[in-house]
Amino acid sequence: MKFSNWMSCIKDEVKLTDVVMPGSHNAGSRRMITMACCQSSTLAEQFRHGVRQFCLRLTTSKITKKIVFCHSVITGVSLEGELKELRKAMDENPSEFVILDVREYGDEKLGPITFRYRADPKEVDLLFEKYLGTSEYALTEFEDIRDVTMGDIRKSGKRFMIINEEKKYRYSVNCGYKNPWSPERHGRLAPTFVERATEVFDSEEKDGIFVLQTQQTAGFGTEVKLAPPNKLDKIIKPYYPRIFEIIKSNPKYLSLVNVVSSDFMAENDYKIKLILELNLYKNNVAEVEKMREIIG
């Protein structure tokens, strides 16, 4: 897969918070029911397709008692199986660095019913250590993530970072992380949404990793109503490049753009190419010809 080692093109001096990387919204939601499924590929397949930031939402299966992925009340595949395959993909591409946004959903109420999501941090730690080698490969030692360069990461031999604002996991960090989302903005129809998606660059301060969410979200009271993610993804395709036109034409937005997250990332070359191309506009690339070949 030509997207597997794109980070090898990035200059040593570029800050991690300035690298433009594809992100995966609800990365572990494959095999969930249609309304909850935001990705149809494994974490390893997404990694090989260029994804370097993964949104991982965890709970415990009431049936198997294993740690599984969830999208609100809907549960999916096991964390263990996904990490095992992800490690293989990462071993094949040691030039790459991954951001893992790991957490449980907060308690949700529906009338008199409260849904709780629980994934024992000690069990999660064991799985991360067994399959990803957190004690050896997790980036934890830095004063300010905004000062960490790709060269620093390469010299350290670290392969990934686990972000959790509560630092619930042994090797997790709370390093400054913005992932702004609103039902009012993301629930708009595609032509309006693509014009508004980048407004977070005006309303939010960047104090670390910054995620631009570029997928629409269905729901009661939204313009898109209850359309499933796969349908919305197909509808937005002709409008999606507009987001990147806006970023490229605005120096402030171009300076702030970091992670660009969306749905169905391993099925959409056009999204990956648009995201990676921004590294050329930001002058992040050392091996320009190689990056152009990757983008195609």
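The protein chain holds 13 helices and 12 strands, where helices (H or I, at least four residues) and strands (E, at least two) are DSSP runs numbered from the N terminus. This is a predicted model, in which local features need pLDDT of at least 70 and side-chain atom pairs count only at pLDDT 80 or more, while totals for chains, interfaces and linings use all residues. Residues are numbered from 1 along each chain as its sequence is written, and side-chain values use heavy atoms, with hydrogens and water left out.

As for overall form, the C-alpha atoms of the protein chain fill a box of roughly 55 × 45 × 35 Å, taken along the principal axes. Of the 296 residues, 54% count as buried; buried means under 20% relative accessible area, exposed means over 50%, and partly exposed lies in between (1.4 Å probe, protein chains only). Among contacts (heavy atoms within 4.5 Å) between residues at least 6 apart in sequence, 73% join residues at least 24 apart.

The charged side chains come next. A salt bridge is a side-chain nitrogen of Lys or Arg within 4 Å of a carboxyl oxygen of Asp or Glu, and by this rule the count comes to 25 salt bridges. In one of them, Arg146 pairs with Asp144, their closest N and O atoms being 2.9 Å apart; Arg146 counts as partly exposed at 38% relative accessibility, and Asp144 is partly exposed too, with a relative accessible area of 22%.

Glu195 is partly exposed at 41% relative accessibility, and Arg242 is partly exposed with a relative accessible area of 33%.

Phe220, found in the loop between β11 (209-213) and α9 (229-236), counts as exposed at 76% relative accessibility.
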